[in-house]
Amino acid sequence: SMVMQEKAPLTQATLNEPFWNLSPDETLAAVFSSRDGLTTGEATRRRALFGPNSISEHPRMRRLTILLEQLRSPLILILIIAGVATAFLGEFVEMGVIFAAVAVNAALGFYQEHKAEVALDELTTYVRTFTRVRRDGGEHELDAVELVPGDVIRIRQGDRIPADARVL
């Protein structure tokens, strides 16, 4: 088992190495880890350096953007052009019907997309992945958000893969 360096010079550039091309022991050496995993102190230091093991949240679409997206459909654009043309012809009743159809379509599309955005935000707060990780020489279960580069995780049949990893 390797001796842990408390101040391992692990950088983002190190993590871009082609680990698939290295042996398991070379991989562990490259990330300053061992088959026994990291110490809690080193894991805390690495989490402060690299941040949580989570996918950054998708940028939420602003309400105005969602509404404008509803008007980008080719069929809606044709209806808008037809509405403008009927206005020039003085057919204001037809123009009103066409623009009412566009407005109803945009309102329904906006409602559905906004509802989906809210549901996705709520879902991300509920879904948590727990994993088995070796730390301080023992095996512990923790939230996958707490994983850091160099952690040794245990994967069993049916487990979700909690992070990018090199199979040892």
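I took helices (H or I, at least four residues) and strands (E, at least two) as DSSP runs, numbered from the N terminus. On that basis I read the order of elements from the N terminus as α-α-α-α-α-α-β-β-β. That comes to six helices and three strands.

I noted that the model is predicted, so local features need pLDDT of at least 70, side-chain atom pairs count only at pLDDT 80 or more, and totals for chains, interfaces and linings use all residues. Residues are numbered from 1 along each chain as its sequence is written, and side-chain values use heavy atoms, with hydrogens and water left out.

Whole protein. I looked up the accessible surface (Shrake-Rupley method, 1.4 Å probe; for residues, only the protein chains shown count as cover). The surface is about 11,600 Å², and carbon and sulfur atoms hold 61% of it. Of the 168 residues, 23% are buried (under 20% relative accessible area; exposed is over 50%, partly exposed in between, with a 1.4 Å probe and protein chains only). For contacts (heavy atoms within 4.5 Å), I took those with a separation of 6 or more: 57% join residues 24 or more positions apart.

Thr86. I found Thr86 in helix α5, residues 74-88. Thr86 counts as buried because its relative accessible area is 15%. Leaving out residues up to four places away in sequence, Thr86 touches Glu91, Glu94, Met95 and Ile98.

Tyr126. I placed Tyr126 in helix α6, residues 92-126. Tyr126 counts as exposed because its relative accessible area is 64%.
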